[in-house]
Amino acid sequence: MKITTRFWISLILALPMLVEMILMPLTGWMLPGGKWTMLVLTTIVMALSARPFLQSAWASFKKHHSNMDTLVAVGTATAYLYSIYAMFSGKEVFFESAAFVITFILLGQVLEEKMRNNASDAVEKLLDLQAKEAEVKRNGKFIKLPIDQIVVGDELRVKPGQKVAVDGEILSGNSNIDESMITGESMPVQKQVGDKVIGSTINSNGTFTFKAEKVGDDTMLSQIVELVKKAQNSHAPIQKLTDKVSDIFVPVVLIVAIATFLIWYVLIGASVANSLIFAVSVVVIACPCALGLATPTALMVGTGRGAKMGILIKNGEVLETVNDVQTVVFDKTGTITLGQPQVTDVIGDGKRVLQVAASLEESSEHPLATAIMDTAHTKKISFETAENFHAIEGQGVSATLAGQKAFVGNEKLQHDFKMSDKLKSQMASLQDQAKTVVLVGLNDEVIGLIAIQDAPKETSKEAISALKSRGLKTVMLTGDNQRVAQAIASQVGIDQVVAEVMPSDKSDQVQALKASGKVAFVGDGINDAPALSTADVGIAMGSGTDIAIDSGGIVLVKNDLRDVDRALALSKKTFGRIKLNLFWAFIYNVLGIPVAAGVFYGLGLTLSPEIAGLAMAFSSLSVVTSSVLLNKTKITSKVETA
Amino acid sequence: MTKTIVTIVGLALVGFIIWWFFGKHETESEIADVAADNQSIDVEVNGGYSPETVVLKQGVPATLNFTRKDPSSCLDRVVFPDFGINQELPQNETKEVKIDTSQAGEYEWACGMDMFHGKIVIK
């Protein structure tokens, strides 16, 4: 029988008794049949509505376990059985208590079940966003196929208003695409040939074709859903406390109830009926459910909401750690800056300097090399063949060009090359303009400089100031030169700069910063993986369709630094809600049990079993509701304007 | 006289509760049936899980078949935090839960309210 049915049965049968309870003191109206009617009504309630509680309580009892049903079963069965005994020995009965308690608890469960489903289904719904079919090119023609028949390498066509079926790269055409369901970015994004598209986003105005690169479980959407599901069901360390409490909770309450009865009956000398009412109230009001639901429901709603904003929080542990973070460390390139360095100045014999540099950098994949090669290509500069090629980590490259020793790199590599004072001062002034300077050396002499600039993202300054207003210390970590790093730092408002760090030393630097409090590291997931995992909280900034799931505790789908602050805000809100839930769940039991036990009887404050039942039903409901409301709370952030 | 008897009965009941719920009691443990490329085990959900500990062989894909007999809504979901599984268990229906056994270790599962626990041991 469904909970809802059980609830209606008990409500309808309990109603006459409720009417009598209200009318009797006023009009003296009595239920026809009196105690016998009550016995019949309550017996039906116990047999139909309450039976599952009894079954479950018995089943767990046999396994040496106890749960909420144990309490409900013990409480109502005691009231019911005692009333039968009292009826035949001519004493006061309280059948209605048993019936009311069952009704109220079932009401609570009906509402709670709805709420719980609300809290958990949000992410599953994400998967419904997927297109069901797509136009796929087969044998030279586009035909409609169900999405599960698309394989990697297929060419797909997307018309205006259609959904992009899977992840891929645009082959022809261009369009604006609404990616809000994945990234949380509200503005449509312009896409052209060569750009990546994400499955389940919506094409707005253009028609384009793209090559499927990721299908099925590999798509970004599937990965996000997988990650969020894991996060939602993960444990927060704060739960260890409730785990311990819930193990002993029910037996302890039963013992307290027996003690209550003994104290009232034996020591104070109250009647059996009154003592029993106190004991039953204790059993009924105690609610382990609220404690058990406090953390998981809030975690579920919080992480689900994050996913909608393009902020993926990996688990409850991360969420809890974020609250203690005192320092936020940023990688420079690609995180604070755009990550697209461009050559701004060439000092010396421009053509020759670029020629030497380009010849050496031709096969390098360093971002600075890319910038140099781009300039060399646009200026149509010819290359020479480099021999004895050496790449020196964190310094640059050296090689032999037509028998002459040559190098491209920073001043660390320059040691046995001569450099004029004029070049030295030009280098310093370029660096003060936040430009990275690459030295080009040939035949024992530095022949010129190439200045490369990687501009900060427009949003970086705003993002950093938001973090600082939270009282967090901001640090920038970079392999770049001190002057350049300092110049960028002052542009965006970073507190501390650690410059000239070798890529392999980044995680050591993070380790050192951990000495003065918890550290969050923000970087891209690929190059910064060691630093991300060394930090207490690794925040990986995503770009494209690869989410760096393994390296970061928090993954930002959008490449927007302001999301760091939003992620912190969301984590704090969620964790705050968990603490609030736990506080109420504890307080509720800590205060409710003594009141139910009649500790405040002298003050005229007592709880009847039915009120206790109502209170217990609503305690878990209120916890779940409070968690669901997390969906509605404002994530206060200084960068709300986005 | 009645009061003395009631007190003794009450205290005896307290003693019984402590012994019954907190005393050391053996939990059921069961090793999954391993076929060539699959292993499976039936878990009955009734006032807890039986068996409560499931031993799986590493590297062989595993299926746990949960059947909830218990009417309690406490047990209407089974959650494996380590695997990100949150499976609804409608009463008297068998639901399959697939477990990735590539990593050896002990993994707990729990009911939706974290009141009942079970454990998988992969070795």
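The model is a predicted one, in which local features need pLDDT of at least 70 and side-chain atom pairs count only at pLDDT 80 or more, whereas totals for chains, interfaces and linings use all residues. Residues are numbered from 1 along each chain as its sequence is written, and chains are lettered from A and ligands numbered from 1 in the order in which they are written.

According to the unreviewed UniProt entry, the annotation "domain: P-type ATPase A" covers residues 129–229 of chain A; UniProt positions are given in the numbering used here, feature names are shortened, and annotations may be inferred rather than shown by experiment. Over residues 129–229 of chain A, the chain is 14% helix and 41% strand, with the end C-alpha atoms 16 Å apart; helices (H or I, at least four residues) and strands (E, at least two) are DSSP runs, numbered from the N terminus. The unreviewed UniProt entry also lists residues under "transmembrane region", among them 94–111 and 611–630 of chain A. Residues 94–111 of chain A are 94% helix and 0% strand, and the end C-alpha atoms of this span lie 27 Å apart, while residues 611–630 of chain A are 90% helix and 0% strand, with end C-alpha atoms 28 Å apart.

In chain A, seven strands form an open sheet of mixed pairing, in the order S10-S22-S21-S20-S11-S18-S19, where two strands pair if DSSP finds at least two bridges between them. Strand S10 (311–313) and strand S19 (496–498) of chain A each have a single partner strand and stand at the edges, so one side of each is left without a neighbour in the sheet. Neighbouring strands of this sheet are turned by 20 degrees against each other on average, direction ignored. Strand S21 (residues 537–541) and strand S22 (residues 554–556) of chain A pair in the parallel sense over three bridges, and A:Ile539 stands opposite A:Ile554 in S22(A).

The axes of helix H9 (residues 272–285) and helix H21 (residues 609–628) of chain A come within 8 Å and cross at roughly 5 degrees; axes are lines fitted to C-alpha atoms, for helices over the stretch in contact, and angles run from 0 to 180 degrees between N-to-C directions. H9(A) and H21(A) are therefore roughly parallel to each other, a term applied to angles under 35 degrees. Residues of this contact include A:Ile277 and A:Val280 of H9(A) and A:Ala612 and A:Met616 of H21(A), two residues being in contact if their C-beta atoms, placed from the backbone, lie within 7 Å.

Between the chains, 28 residues of chain B are in contact with 39 residues of chain A. Helix H1 (2–22) and strand S8 (85–88) of chain B are the elements that give two or more residues to the side of chain B that touches chain A, and H1(B) gives the most, with ten residues.

Two backbone features were also noted. The peptide bond from B:Ser50 to B:Pro51 is cis, with omega near 0 degrees, and B:Pro51 is placed in the loop between strand S4 (49–50) and strand S5 (53–56) of chain B. A:Asn388, in strand S13 (residues 386–392) of chain A, has a positive phi of about 50 degrees although it is not a glycine.

Definitions and conventions:
Angles under 35 degrees count as roughly parallel, over 145 as roughly antiparallel, 65 to 115 as roughly perpendicular and the rest as oblique.
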